[in-house]
Structures are given as structure tokens and as C-alpha cells.
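Please look over the structure shown below, and keep it in view while you read the briefing that follows. The points are grouped by topic, so that each can be checked against the model in turn.

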Amino acid sequence: MFQKEYAGDVAKLPFDDGSFDLVLSLNGFHAFPDKDAAYSEIFRVLKRREQRMVDKKAHLPMYGVGPVYVSVIIAVTAAAVAAGHNTFFESGMIKELKVPSAAIGILLLIFGIYLWHGAVFRARVDDGITENRLVTSGVYSCVRNPIYSAFLFFCTGALLISGNLFFYPLFLFYWFFMAVLMKCTEEKWLKKLYGREYEEYCRRVNRCIPWFPKKQ
């Protein structure tokens, strides 16, 4: 155990690999000039079994890239619903499928509400973010991004309720956009923050579509 105080560059820590079980930053990480270098050094001196850095006040953005994803797919859905009633797309409105499509759409809306409620109120993801704690319980044990998935199901349900077959494939766009957006942004942030713990979580649990977690 180190008993002395050291002053130096966080990007060049004077310690051997795997020297510490935990690194605690007290409202300092935001001031590091080279955050990537700081992350690398902090992870280097941490023991591999516990690659985690905690900053008492710094944490991931509360809403992540959620506003981007949600605003885009809601705008696309609204445009599709409006266009679906245009005479140009009227051949996509099939009377025989109207009732079953609406029924499935309502079920998807209900499922979306369940996911959103489970993430926000039961798993209390906001607390996990502010405490720099990876949330993997509740709905997070079935899907890694349940709030985003909730809006995917909301918008898909709205398309089904609107009843125009031409726009049903937009579900694939919602899924693809979510997958790419998560992979390029939040997954990188979470991997840096939680290391191996997050990698193992990714191997067990789907990114977009809820499913039973894979066995370790």
C-alpha cells in the first residue's frame, strides 16, 4: 500500500501496472487536459479485475445521445404517419390488416411503456449515472438500452396503428440507427469507464431488442 503523497502528471503516473484496486478522483477529471491519456494511465495502474475510475462529481451525460435518437425517429414517424394518409400511398392501406396491425401496435406501445418505466423508476438508471455505477438489473438484464428501445417500440407501434404497409420497414431504420449511434458514442464511453465489466455485460445482453440474457 502506498502511504506517501505524490504530485505529478496524471498522464504519466509513477506507478507500476496493476498497483491499485481503485482510483478515486475528487472533482478533478473534468480539468485533465488530455482525458484519453488520463484514462489510459488510470486503467494501466488499476488491477485488471477492477478497471474502474470513479469521480465524485464527474459522470456520463444524464441523457446521453437520447435526445438525438428520440427526436430523429419521432420526426420520421410523424412524417410517415402523415404521408401514409396521402393519396399517393393509399395502396398501402389494406382494410383486412387494419385491425390486427392496430392491435399489435397497441401491444408495442404498452411494451415500450413497460421498458421505459422499468428503466427510469424501477432500475433507477439516473442514480446509476450520477453514482458512476453500471446498471445491469431489472430491464437492463434483458436489453442494454431499454429507454432507447422503448422509443423504438413506441414509434413502431405508431406506424402499425397508422396502418400503411409502405412504412412498416422503418422499424429496420430505427434499429439500425440505434445500433450505429450506440456503437459510436455511448458504448465507447461506457467501455472506458467500466472496462471489462461492461465488455462482459455486452456479451450477455442485447443492444436493442430485449431478450433473455446469455449464460456466462
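This is a predicted model: local features need pLDDT of at least 70, side-chain atom pairs count only at pLDDT 80 or more; totals for chains, interfaces and linings use all residues.

The phi angle of N132 is near 55 degrees, which is a positive value in a residue other than glycine. N132 is also buried, because its relative accessible area is 5% and the cut-off for buried is under 20%.

**Other positive phi angles**

- R124 is found in the loop between α3 and α4, where α4 covers residues 125-130, and the phi of R124 is near 50 degrees, again a positive value in a residue other than glycine.
- R124 has a relative accessibility of 46% and therefore counts as partly exposed, since that class lies between the limit of under 20% for buried and the limit of over 50% for exposed.
- G195 follows α7, and its phi is likewise positive, near 60 degrees.

**The chain as a whole**

- The protein chain contains 8 helices and 2 strands, and if you read along the sequence you will find them in the pattern β-α-β-α-α-α-α-α-α-α.
- Among the contacts in the protein chain with a separation of 6 or more, 80% are accounted for by residues 24 or more positions apart.

**Helices α2 and α5**

- Helix α2 is made of residues 66-84 and helix α5 of residues 146-162, and their axes come within 10 Å and cross at roughly 0 degrees.
- Because angles under 35 degrees count as roughly parallel, α2 is described as roughly parallel to α5.
- On the side of α2, the contact is made by G66, Y69, V70, I73, I74, T77, A80 and V81, and on the side of α5 by Y148, F151, L152, C155, A158, L159 and S162.
- When the residues of this contact between α2 and α5 are divided by class, 12 are nonpolar, 3 are polar and none is charged.

**Helices α6 and α7**

- Helix α6, with residues 170-184, and helix α7, with residues 186-194, pack at an angle of about 35 degrees, and their axes are 3 Å apart.
- In this contact, L181, M182, K183 and C184 of α6 meet E186, E187 and K188 of α7, and by class the residues are 3 nonpolar, no polar and 4 charged.
- Which residues of α7 are buried? They are E186, E187, L190, L193 and Y194.
- Seen down the axis of α7, these buried residues fall within an arc of 130 degrees, so they line one face of the helix.

**S101 in helix α3**

- S101 lies in helix α3, which is made of residues 95-122.
- Is S101 buried or exposed? At a relative accessibility of 9%, S101 counts as buried.
- If its neighbours within four places in sequence are left aside, S101 is in contact with L160, I161 and Y168.

Note on methods: Residues are numbered from 1 along each chain as its sequence is written. Side-chain values use heavy atoms; hydrogens and water are left out. Helices (H or I, at least four residues) and strands (E, at least two) are DSSP runs, numbered from the N terminus. Buried means under 20% relative accessible area, exposed over 50%, partly exposed in between (1.4 Å probe, protein chains only). Contact means heavy atoms within 4.5 Å. Axes are lines fitted to C-alpha atoms, for helices over the stretch in contact, and angles run from 0 to 180 degrees between N-to-C directions. Ala, Val, Leu, Ile, Met, Phe, Trp, Tyr, Cys and Pro count as nonpolar, Asp, Glu, Lys and Arg as charged, and the others, Gly among them, as polar. Angles under 35 degrees count as roughly parallel, over 145 as roughly antiparallel, 65 to 115 as roughly perpendicular and the rest as oblique. The arc is that of the directions from the helix axis to the C-beta atoms.
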